[in-house]
Amino acid sequence: MISRLETPRPARRRLGAPRWPKATFGADLGASLVVFLVAVPLCVGVAVASGVPAELGIVTGIIGGLVVGLLPGSTMQVSGPAAGLTVLVASAVDQHGLAALGVIVLGAGVVQILLGISRLGTWFRAISPSVVQGMLAGIGLVLILGQIYPVGGLAQPESTWTKFSGIPDLLVAMVTTPEGISGLVLAVLALGIMAGWKKVPGPLRLVPGALLAVLVTSVLALVFAMPVQKVEVGSLLAALNVPTAEAWGELVTPAVLGSILTFALIASAESLFSAAAVDRMHDAPKTQYNKELVAQGAGNALCGLLGALPMTAVIVRSATNVQAGAKTKLSRVLHGFWLLLFVVLLPGVLAFIPTAVLAALLIQAGWKLLELRQVVALVREHRSEAFVLVLTAGMIVATDLLIGTLTGLAVAIVKTAVEVSRLSVRAEHGDEHVRVELGGNATFLRLPRLLDHLEQLPTGKHVHLDLTMVRHLDRACHQAVEHWAAQRRRGDCTVEVALPARVG
């Protein structure tokens, strides 16, 4: 009797059985506490810099942990409000009002979900690194330029020009007014603590430098009764900014639709570029780009329904999560739970934090976005790429994020097209004949050079034009060659043209 071999079925997880492996629970728990301590000041700082209530930044951080943290896509990435979107949010709130923010963020989330479902997530990896670096550098410059004003106790100017022109008055306020002097002392102390904390022994570095800076400076401001502005905190539920019927009506306006697309593209790019960086830091399963885009879209859609800030995967929190020893998704889910617990039980603690200190945190974040060492290295090695980077950053500072990024993309595409369409022309002159051999890519971008060479050939000689080594001959060059050959033949010259096997 022949018995059948049956493949044993995997045991099903019993209802109520633990979902997370016990072996990694301790590591994930410790990592979640570290990420939570990093996230608290950044969530509040990004919200304040964006011109919205501080509670909305916490809401976004909670959703980033409890919702996006559970969804498939990435293992180690931690999502929440990002400094890179601060400029974009502040501009949208200024143009359309706080009531429209939820509609814009919800729309951006829906766009992200559609991009992920359409499997377009991986295409974000095709964007030129110099454009991405220029985008981040531009955001960093705008962030620094805006946050130096809260340090001096002044309101942040609206336009880039007024931010530059107001620097002399800011410097005077920093050294003459009590608010300016106090804010400058606290900001410099906070930056010094964060810079020096990197050099302490490894075990102590588990305490985030940003959290230590906030604690020390907040205590000093309280003890010495410094005349500085503090974070204003209210009820979490009262701060929710659910879109109204009037706000939904703005959904069809071109300006709001443009903001939705801008939010979606920038947030998606930042999340997926962060994924590429974080995946190189750990051995856990790598990010599935399309699923991660859907997860980010779901998180932003929920943030929009509550009127909170938009979210991205944040490289600072994600890197901290890996470095703190996280093993599974549980660490990022728990970090969201700690945020929720903190804002429910200890909301009044945030009211002791000076806004000058939060500005210092964001100035440091902006400085990191500049990545000056990489810029200098790029200038030395690839000047054309460095030009794209500087142009993108400069246009973002001079105009806005969307125009600057699109300008950088356009220039990068043109630069690549010019570099790819290289055309070599070699001529061999005999007594009665001329042989011209072309190689490379003959496209319309090289048409002027091609025609210059052809028109300089002597008349009265037999011309053999060999294009068989051309990898790509586009229609414009093909027609130009045929027209030139016809003209020569009408002038009693013999012309032979050998075309490549395939003409584009």
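This is a predicted model: local features need pLDDT of at least 70, side-chain atom pairs count only at pLDDT 80 or more; totals for chains, interfaces and linings use all residues.
**Exercise 1.** State which domains the assignment gives and how far apart their C-alpha centres lie.

*Solution.* The domain assignment of the protein gives domain 1 as residues 24-414 and domain 2 as residues 422-498. Taking the C-alpha centres of domain 1 and domain 2, one finds a separation of 56 Å.

**Exercise 2.** Trace the salt bridges formed by Glu437, and then the one that joins Arg435 to Asp466.

*Solution.* Begin with Glu437, which forms a salt bridge with Arg426 whose closest N and O atoms are 3.3 Å apart; this pair links distant parts of the chain, since Glu437 belongs to strand β4 (residues 433-442) and Arg426 to strand β3 (residues 423-429), 11 residues apart. Next, Glu437 is also bridged by Arg435, with 3.8 Å between the closest N and O atoms. Finally, the side chains of Arg435 and Asp466 meet in a salt bridge at 2.9 Å, N to O, and this pair connects strand β4 with strand β5 (residues 462-473) across 31 residues. Through shared partners, salt bridges join Arg426, Arg435, Glu437 and Asp466 into one network.

**Exercise 3.** Decide whether Asp466, Glu437, Arg435 and Arg426 are each buried or partly exposed.

*Solution.* Buried requires a relative accessible area under 20%, and exposed requires over 50%. Asp466, at 8% relative accessibility, therefore counts as buried. Glu437 has 22% relative accessibility and so counts as partly exposed, Arg435 is likewise partly exposed at 28%, and Arg426, with a relative accessible area of 47%, is partly exposed too.

Conventions:
Residues are numbered from 1 along each chain as its sequence is written. Side-chain values use heavy atoms; hydrogens and water are left out. Domain bounds come from an automatic or database domain assignment. A salt bridge is a side-chain nitrogen of Lys or Arg within 4 Å of a carboxyl oxygen of Asp or Glu. Helices (H or I, at least four residues) and strands (E, at least two) are DSSP runs, numbered from the N terminus. Buried means under 20% relative accessible area, exposed over 50%, partly exposed in between (1.4 Å probe, protein chains only).
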